[in-house]
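This briefing is written to be read alongside the sequence and the model. It begins with one residue and then widens to the chains.

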Amino acid sequence: MNNPQQLRYSKEHEWLSAAGEDGVSTVGITEFAANSLGDVVFVQLPEVGTTVAAGETCGELESTKSVSDLYAPVTGEVTEINEDVVNDPALVNSAPFEGGWLFKVRVTDEPDQLLSADEYTAFTEN
Amino acid sequence: MSHVSTPRRTALDAVHRALGATMTDFAGWDMPLRYGSERDEHTAVRTRAGLFDLSHMGEITLTGPQAGAALDRALVGHLSALAVGRARYTMICDADGGILDDLIVYRLGEQEFLVVANASNAQVVLDALIERAEGLDAAVRDDREAYALIAVQGPASAAILAGLTDADLDGLKYYAGLPGTVAGVPALIARTGYTGEDGFELFVSPGDAERLWQALTEAGAPAGLVPCGLSCRDTLRLEAGMPLYGHELTRGTTPFDAGLGRVVKFDKPGDFVGRQALEAAARRAETAPPRVLVGLVAAGRRVPRAGYAVVGADGAVIGEVTSGAPSPTLGKPIAIAYVDAAHAAPGTAGVSVDIRGTHEPYEVVALPFYKRR
């Protein structure tokens, strides 16, 4: 599985982009997670303006067989959610690292234990 | 001391791995859950054809002059009246009327029947059949190792199979089976399935399974046949309103509770296990029906799961979901649920499912959700 080098990863299988000049990062779930879930049919995302806390649930993803919690990889304020993925949850499966991103967050705090691409790849292979 | 049990692998295990299947532990078997997108697999079966490995199913053979009588005594159906070459959906119940398993029984000869049980119940069914056949001139044989089971399901399945066999498929009716040869492999060819589509189930020797699978894959490719896993098998049967043991059918329900009282044949000769309790259950179902099995269709997009509560307009619990999934055909979440009879009429207003604390509106509908044209 090809985990993009420029992203960082949580052990709950979320990815986080490097923050732009405005301090905003993009969050999604990894291809590994999307494949494990199967076809995603419904996503519930945090509301814009709310604060999410690193390691805590902030939404859910439903697939054919199961429902999974979505965890925030960092703490911060949600600035935008991906309406495309709300309308077409299959984007999570077809383009987890691109069009299937979930929300944007202005990061105020982040845990130390986020993984690099190589570390995350090793984590999923164990 | 810990006891670690390794899941059993079917004769097609290497094929599934080569196809990159996502595998899952199902009733002690390592089975393909899906090969790619389960929704695409589902759609293939509805519109073209799908290929399934169902080798986890449990086969039991009864032979002898009283094989039919043994089944009449052991099961709720009238199997001795079944014509050779035909199949019947039936159930095996405990003395208290509780369902031990639902079964398909094929009559292969005057004195030979093939019973197909769910993988999770195969041992229970085998033990019960041996016990219940005692004293009769009938032999019960564990044939779980003797068969691999491959299903071809979908509107294109007859045309695909026709290219690989000389058997008279046109003459083979729904719920019938005949011995034949498919792609050079000896097979029991049965026109049965669990998808709501036309289709076939092929019982073959495990040593022939891979050859048959590959032949079907090649013959079906131009028609759009794809390998299909258990995930889409579940959404296909759910749309078709077919019950699944462990969900709609349990040890604690009778066939009448499940709305399937028609499988119980009280007028057959002799006694059968569960008769007395089932007669009471039949009366109860007529006079004071307990919960009724209904279909639910979502207004929203959140998916009900087994065990979720069904609630009425006043917020009181009126039932419980037994199976739920996003329906690829309807494009909405659907569920089967046991609901109090007073709220079970199609169109009943104000029915919701409690989805992790939120009451999501659902419409009560008659089963099935989907019927092939």
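Lys65(A) touches Gly38(A) and Ser231(B), residues up to four places away in sequence being left out; contact here requires C-beta atoms, placed from the backbone, to lie within 7 Å. The model is predicted: local features need pLDDT of at least 70, side-chain atom pairs count only at pLDDT 80 or more, and totals for chains, interfaces and linings use all residues. Residues are numbered from 1 along each chain as its sequence is written, while chains are lettered from A and ligands numbered from 1 in the order in which they are written.

**Lys65(A) and its setting**
- The loop between β6 (57-63) and β7 (67-71) of chain A holds Lys65(A); helices (H or I, at least four residues) and strands (E, at least two) are DSSP runs, numbered from the N terminus.
- Lys65(A) is buried because 20 other C-beta atoms lie within 10 Å; the cut-offs are 20 or more for buried, 12 or fewer for exposed, and partly exposed in between, with C-beta atoms placed from the backbone.
- An unreviewed UniProt entry lists Lys65(A) under "modified residue: N6-lipoyllysine"; UniProt positions are given in the numbering used here, feature names are shortened, and annotations may be inferred rather than shown by experiment.

**Chain A as a whole**
- Four helices and nine strands make up the secondary structure of chain A, in the order β-β-β-α-β-β-β-β-β-α-α-β-α from the N terminus.
- Along the principal axes, the C-alpha atoms of chain A fill a box of roughly 35 × 30 × 20 Å.
- Of the 126 residues in chain A, 42% are buried.
- Among contacts in chain A between residues at least 6 apart in sequence, 61% join residues at least 24 apart.

**Where the chains meet**
- Chain B contributes 11 residues to the contact, and chain A contributes eight residues.
- On the side of chain B that touches chain A, α2 (38-47), α7 and β17 (317-327) of chain B each supply at least two residues.
- That side of chain B has three nonpolar, three polar and five charged residues; Ala, Val, Leu, Ile, Met, Phe, Trp, Tyr, Cys and Pro count as nonpolar, Asp, Glu, Lys and Arg as charged, and the others, Gly among them, as polar.

**A sheet in chain B**
- Three strands form an open sheet with mixed pairing, in the order β1-β3-β2 (chain B); pairing requires at least two DSSP bridges between two strands.
- β1 (8-9) and β2 (22-26) of chain B are the edge strands, each with a single partner, so one side of each has no neighbour in the sheet.
- β2(B) pairs with β3 (residues 29-34) of chain B in the antiparallel sense over five bridges, and Asp25(B) stands opposite Asp30(B) in β3(B).
- Helix α7 (residues 230-239) of chain B packs on this sheet, touching β2 and β3 of chain B, and its direction makes about 70 degrees with that of β3(B); axes are lines fitted to C-alpha atoms, for helices over the stretch in contact, and angles run from 0 to 180 degrees between N-to-C directions.

**An enclosed helix in chain B**
- Helix α3 (residues 67-74) of chain B is largely enclosed by the rest of the structure, because seven of its eight residues are buried.
- The cover over the buried residues of α3(B) includes β5 (58-63), β6 (87-93) and α4 (122-132) of chain B.

Key. Contact = placed C-beta atoms within 7 Å.
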